[in-house]
Amino acid sequence: MSTSATTPPTVVQRSSLDLTLRRLIRDRASLVAFIFIVLLVAFAAAAPLVEAWIGHSPIEQFRQTGLSPTGLPVAPNAEFRLGTDQLGRDVLVRLAYGARVSLLVGVVASLLAAFIGITVGMLAGFLGGWVDAVLSRAMDLIMSVPFLLCALALVSVFGPSLSLSIGVIVFFSWTTMGRVIRGQVKSLREREFVQASRSLGAGSLSIMIVDILPNLSVPIIVYTTMMIPGSIVFEATLSFLGLGIVPPAPSWGGMLADAGANSIYLVAWWLVLFPGLALLFTTLSFNILGDGLRDALDPKARPIRVKPKGAKP
Amino acid sequence: MLEARHLSVSIPTEDGTIHAVQDVSFSVEAGGLFGIAGESGSGKSVMMQAILGLLPFADVTGEVIFEGRNLLTLPPRQLQKLRGARIGMIFQDPLSSLHPYYSIGAQITEAIHAHEKVSPQAARARAVDMLTKVGIGNAAERFDSFPHQYSGGMRQRVMIAMALVLNPPLIIADEPTTALDVTVQAQIVALLDQMRKELGTTVVMITHDLGLLSNVADQVMVMYAGNRMEFGSSAAVFHAPSHPYTAGLLASSPSNYAAGEELVAIPGRPPSLLHMPAGCAFAVRCAYAMPKCATQRPPLRRFSDGVESLCWLEAPVEPIHAERAAVSGRNADATAPVVLKVDNVELSFATGGFFSKAGKYEVLKGIDIELRRGETLGLVGESGCGKSTLARVIAGLIPATSGSVLLDGKDMATLDHAGWKEMRKRVQLVFQDPFGSLNPRRRVGAIIGDPFRLHQVASGADRKWRVQDLMETVGLNPEHYNRFPSEFSGGQRQRIGIARALALNPALIIFDEPVSALDVSIQAQVLNLMRSLQQELGLTYLFISHDLAVVRQVCDRIAVMNKGKIVELAEAEAIYTDPQNDYTRTLLAASVVPPPQKGRGTRQLVETIWGAPA
């Protein structure tokens with residue numbers, strides 16, 4: 001007996017939040033991703049500070065210093081840390097403001113989509129019968145609509161705007177969440193504690209909100225996190241095609257589109273590299289964090305790695 | 001045959017190291033049936049898995065000698081050759097241990113081919129031969145059947161055939177009958193015993209069921225919290241247990257009591273295996289504990305009849321039965337008002353669909369029950385007989401196809417919405433599975449307070465006060481109001497379920513197998529609680545169980561159910577002393593109970609080994 005010495009041992013009852021955080025911190029990749037996301041949020045939030053510190057507005061065109069005598073963009077230097085674009089605007093400041101758009105669209109669209117997905121999935125899974133049939137077929141229908149074609153049509157009718165971008169993204173991304181939630185609710189509904197609640201006289205609404213919803217927290221957290229990068233890329237795609245954020249307001253997709261126009265990236269690599277890297281690392285971080293969250297919240301999914309046999313007593 | 005010396009198993013986990021087995025030594029004699037008994041978490045299964053090398057992450061020390069070789073130091077490849085060929089295994093759940101996609105025959109012949117080079121025809125012949133031996137009729141034809149086409153008992157027979165087909169000298173059976181019905185259980189145990197005698201196989205049987213072991217085992221080892229508490233011949237250990245834990249286990253099994261007696265339960269619950277107490281693991285729950293028990297490891301006492309006990313007591317304990325509580329009076333009163341009247345209730349499900357011929361599957365075929373205030377009616381039957389379905393029909397969760405259920409004289413089928421909600425206050429259910437019936441994501445206070453919330457009886461501070469009062473009533477610490485169900489043990493969770501059922505002062509509480517998921521010592525605590533609550537509050541119980549001993553102990557009257565019908569309904573004692581129905585007799589014959597304790601006899605302490613099991 002090695003552990004029980006003189007002092008009476010106490011069993012530490014760790015809360016689930018505590019356990020989750022411990023697992024998350026032990027997972028290096030998730031930790032790095034999480035730190036990156038925090039830094040990105042800080043960068044986006046501090047966009048006006050970046051602007052004030054450098055002294056360049058995101059839409060101001062520096063024709064004297066920001067463009068070469070031949071009218072080409074200037075490479076990264078002391079004044080323009082990440083160079084300028086084809087109109088002589090500061091890429092760093094535009095990147096900061098673009099981060100605002102990306103995060104705003106990503107988070108808002110994901111939250112809205114999650115809300116719709118949870119509601120629809122819960123109703124379909126819990127009520128079953130014809131409600132389930134109608135809602136499930138509706139989800140199938142939406143999943144089979146070609147989204148770019150649909151987006152193009154919508155934008156040409158209503159004209160591009162931020163709210164329309166978010167609307168299109170939400171409309172096409174809630175179905176994944178809806179299906180996951182529906183499956184989970186279908187199995188939760190058969191559990192004994194739901195029957196216990198019903199035998200106590202609880203109504204359907206009460207069972208759905210009080211009994212089932214708390215048990216869905218893990219898939220909700222994980223899938224909402226995983227939906228954010230999807231939405232960010234979605235927004236970038238729309239902006240890239242000129243269907244999203246209206247210029248001259250900066251967005252990462254729009255910046256990439258500008259770089260692609262007239263093949264200007266052939267002479268100004270920084271126009272592709274920085275927004276591209278920002279987009280890549282942002283989506284990668286959210287994906288890694290979502291994966292890490294799933295492992296941390298549901299330890300059964302992956303066996304615990306333990307140190308190999310060693311110290312003999 | 002198999003000898004373990006100073007075997008310790010510890011498993012590193014996130015919360016710390018679990019000391020699953022601590023310094024256990026034993027030897028299994030060839031040709032015998034060696035029983036390992038213990039409650040869940042006592043380390044009995046982990047120990048056997050560690051011996052067979054099935055726990056790759058565990059830290060195993062000590063030595064296990066089998067056929068002259070130390071299994072713990074054997075390379076994995078050689079161990080793999082041993083498993084199956086020299087050591088057969090039978091697992092608890094025959095459904096999940098058989099592969100659903102392969103036929104029974106293919107799975108048995110696979111075992112043969114894995115270890116021997118034989119032609120497919122020879123392997124098939126041997127498999128069919130073995131299947132016939134384990135009592136599967138028509139083995140040649142059923143060879144190509146799939147597991148789902150077999151019943152639970154048949155599957156376990158197949159598992160036994162699979163373990164025996166290579167004729168291994170040793171078989172390890174881990175809870176081989178736990179998942180089976182009583183009548184099937186008796187057949188399987190008889191089969192194991194017969195095979196052992198015919199083939200000369202040594203059997204190591206791990207079980208929590210002392211009654212079962214006492215009937216078949218030659219030698220038993222009782223484990224508790226990873227320690228070997230007592231070891232000796234089956235007769236000596238069960239007739240006169242020398243360790244207080246064994247005595248307590250036997251004392252808390254309801255079959256040793258006359259109906260209506262208070263059970264002598266072991267208080268408390270097993271220690272956490274993460275932090276073992278410095279002294280005896282059982283000290284805090286022991287009725288004979290001395291001050292030194294808590295601080296010093298007990299020595300090993302060896303007695304004249306071969307029994308060994310890990311205890312500070314020098315003489316075996318006196319049977320606890322001497323001080324049992326007086327027989328309490330029955331609550332039933334023939335003139336009490338009728339609470340529940342079930343009249344010719346039938347339930348059937350339509351089978352077949354659009355394309356196939358429509359049929360009818362009858363679950364309940366005309367049930368009549370009458371239950372008076374303050375009475376306990378037992379409902380006994382094997383799985384699939386419809387007893388749980390009947391409970392749900394009575395609780396109003398499933399509407400009956402025909403017939404009527406009258407609660408307090410009101411017909412359930414004719415209730416409007418408000419009446420139905422009112423009725424939900426009058427009848428409550430306590431479920432079998434204390435893990436599944438409590439919402440894992442809600443706090444205990446909220447779970448117990450649910451009836452108050454749903455029926456708008458109390459709110460705010462008043463509700464909290466009432467919930468804490470209920471927790472006090474069922475023996476839970478009211479300060480644990482804010483904990484989650486996962487922080488409680490099985491027995492405590494069942495108390496939570498009972499507290500929730502009590503909240504609205506119901507006319508009828510239906511217990512659906514309330515103790516079958518619990519260990520014997522915990523089971524006695526819960527049964528005692530149910531009894532004292534009934535006496536205090538004048539409750540009416542409908543008690544559903546497959547365990548005859550438990551039902552007899554708690555119930556005034558017993559209804560025996562078979563295939564959707566009540567075949568016999570009589571006073572509890574009458575069922576036992578004078579069963580009228582054939583099925584009742586079969587059930588009674590199949591249930592095995594530990595023998596009554598006889599006192600310590602002529603046992604003498606011969607040797608004390610100090611500090612040997614450190």
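## Helices α2 and α4 of chain A

The axes of helix α2 (residues 28-45) of chain A and α4(A) come within 7 Å and cross at roughly 115 degrees. Axes here are lines fitted to C-alpha atoms, for helices over the stretch in contact, and angles run from 0 to 180 degrees between N-to-C directions. Helices (H or I, at least four residues) and strands (E, at least two) are DSSP runs, numbered from the N terminus. α2(A) and α4(A) are therefore roughly perpendicular to each other. Angles under 35 degrees count as roughly parallel, over 145 as roughly antiparallel, 65 to 115 as roughly perpendicular and the rest as oblique.

This is a predicted model, in which local features need pLDDT of at least 70, side-chain atom pairs count only at pLDDT 80 or more, and totals for chains, interfaces and linings use all residues. Residues are numbered from 1 along each chain as its sequence is written, while chains are lettered from A and ligands numbered from 1 in the order in which they are written.

The crossing of α2(A) and α4(A) is left-handed. A crossing is left-handed if the near helix is turned anticlockwise from the far one by less than a right angle, and right-handed if clockwise. On the α2(A) side, A:Leu40, A:Val41, A:Phe43 and A:Ala44 take part; they meet A:Ala96, A:Ala99, A:Arg100 and A:Leu103 in α4(A). Two residues are in contact if their C-beta atoms, placed from the backbone, lie within 7 Å. By class, this contact has 7 nonpolar, no polar and 1 charged residues. Ala, Val, Leu, Ile, Met, Phe, Trp, Tyr, Cys and Pro count as nonpolar, Asp, Glu, Lys and Arg as charged, and the others, Gly among them, as polar.

## Helices α4 and α12 of chain A

Helix α4 (residues 91-127) of chain A also meets helix α12 (residues 270-297) of chain A: their axes come within 11 Å and cross at roughly 30 degrees. That makes α4(A) roughly parallel to α12(A). Their crossing is right-handed.

From α4(A), A:Val91, A:Leu95, A:Gly98, A:Ala99 and A:Ser102 take part. They meet α12(A) residues including A:Trp270, A:Phe274 and A:Thr282. The contact divides into 8 nonpolar, 3 polar and no charged residues.

## Domains of chain B

The domain assignment, automatic or from a database, gives chain B domain 1 (2-86 + 168-322), domain 2 (87-167) and domain 3 (373-401 + 411-590). The centres of domain 1 and domain 3 of chain B, taken over C-alpha atoms, are 32 Å apart.

Contacts link 21 residues of domain 1 of chain B with 22 residues of domain 3 of chain B. On the domain 1 side, α8 (182-199) and α11 (244-252) of chain B each give two or more residues. α8(B) gives the most, with 4 residues. That side has 9 nonpolar, 8 polar and 4 charged residues.

## The four-stranded sheet of chain B

An open sheet of 4 strands runs in the order β2-β1-β4-β5 (chain B), with antiparallel pairing. Two strands pair if DSSP finds at least two bridges between them. β2 (16-28) and β5 (69-70) of chain B stand at the edges with a single partner strand each, so one side of each has no neighbour in the sheet.

Inside the sheet, β1 (residues 2-13) and β4 (residues 59-66) of chain B pair over 7 bridges. B:Ala4 stands opposite B:Val64 in β4(B).

## The six-stranded sheet of chain B

Another open sheet has 6 strands, in the order β18-β19-β20-β15-β21-β22 (chain B), and its pairing is mixed. β18 (427-430) and β22 (565-571) of chain B are the edge strands, each pairing on one side only. Neighbouring strands are turned by 20 degrees against each other on average, direction ignored.

β19 (residues 508-512) and β20 (residues 541-545) of chain B run parallel, joined by 4 bridges. B:Phe511 stands opposite B:Phe543 in β20(B). Helix α20 (residues 582-590) of chain B lies across β21 (557-562) and β22 of chain B, at about 100 degrees to β21(B).
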